[in-house]
Amino acid sequence: MKFALLISSLLLASLAIGQSLQVIAVDVSNAGRTPSTIHFYCSKDYDRGQCKSDVAGLQQLLSQFPLIQLGEWSIVLATRQETRRLQHAEGDSAETPALTYLKHRTSIFEGDLFSADAQRTSELLQMYGRNSIDLRLWAVSHELGHALCQESDEHRAEDYGRQLRNGVALHCGASGQLQSAAR
Ligand SMILES: [Zn+2]
C-alpha cells in the first residue's frame, strides 16, 4: 500500500455549496482485498502512517460485504475536523462519524471509528452505546446500505445495513416499506 503523489480534491455536497475535501489517494492495488473499482483516500490532514493502518483495517472490514455490486465508489477516511466541516457546510449541526454522498458515489468515515484515543472512544461509546468494534461495523454496514441500494432514506438504509450485518442476501426495496410506514 502506498500513497499516490497527487493530492486530489473531491467535490462533495451540493453543487450550490461546492464544498470540497482535500484528499490523498491511497494505492491499495496490491492488497487484493477489495475490488479495483473501490478507491481509497485519506483527508490531507490525516497522519500518513495512521492512514495506512486505518485503511487496512477498513479494507478488512469491507471484505465481508458484497462490494462488487458497488461499482465505482470512493471511500474516504477523514479526520474528525474535516468530517465535521463537511457536515456543517450542509447546515447540519448534528455530528455523525460517517456519511455517504450518493450523487458523488462517495462514503466518508471519520478516522476516530478506527483509531480514537481513550477519551474519544468513551465519547463515542456514550453517544452510540456501542464499543468501537461494533460501532465501526455498524457505521460501515449502514453506509453500504445507502450506497449499495442507492438509498437516501435513513430508516431504509439502516434496514439494508442490518441485512448486511446479518450476512443475508441484500434485498434493496424489499422491506423498506414497512420501515417507512412506521415512521
Ligand atoms: Zn445514514
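1. Of the chain's 183 residues, 35% count as buried, meaning that 20 or more other C-beta atoms, placed from the backbone, lie within 10 Å of the residue's own. The model is a predicted one, in which local features need pLDDT of at least 70 and side-chain atom pairs count only at pLDDT 80 or more, while totals for chains, interfaces and linings use all residues. Residues are numbered from 1 along each chain as its sequence is written.

2. The secondary structure consists of 6 helices and 6 strands, taken as DSSP runs (H or I, at least four residues, for helices; E, at least two, for strands) and numbered from the N terminus. Along the sequence they follow the pattern β-β-β-α-β-α-β-β-α-α-α-α.

3. Helix H4 comprises 18 residues, 132-149. Because 13 of its 18 residues are buried, H4 is largely enclosed by the rest of the structure. Just after H4, Gln-150 takes a positive phi of about 50 degrees.

4. The axes of H4 and helix H5 (residues 154-165) come within 7 Å and cross at roughly 115 degrees; axes are lines fitted to C-alpha atoms over the stretch in contact, with angles running from 0 to 180 degrees between N-to-C directions. Residues making this contact (C-beta atoms within 7 Å) include Leu-137, Ser-141 and Leu-148 of H4 and Ala-157, Tyr-160 and Arg-165 of H5.

Note on methods:
Buried ≥ 20, exposed ≤ 12 C-beta atoms within 10 Å, placed from the backbone. Expected span 1.5 Å × (residues − 1). Contact = placed C-beta atoms within 7 Å.
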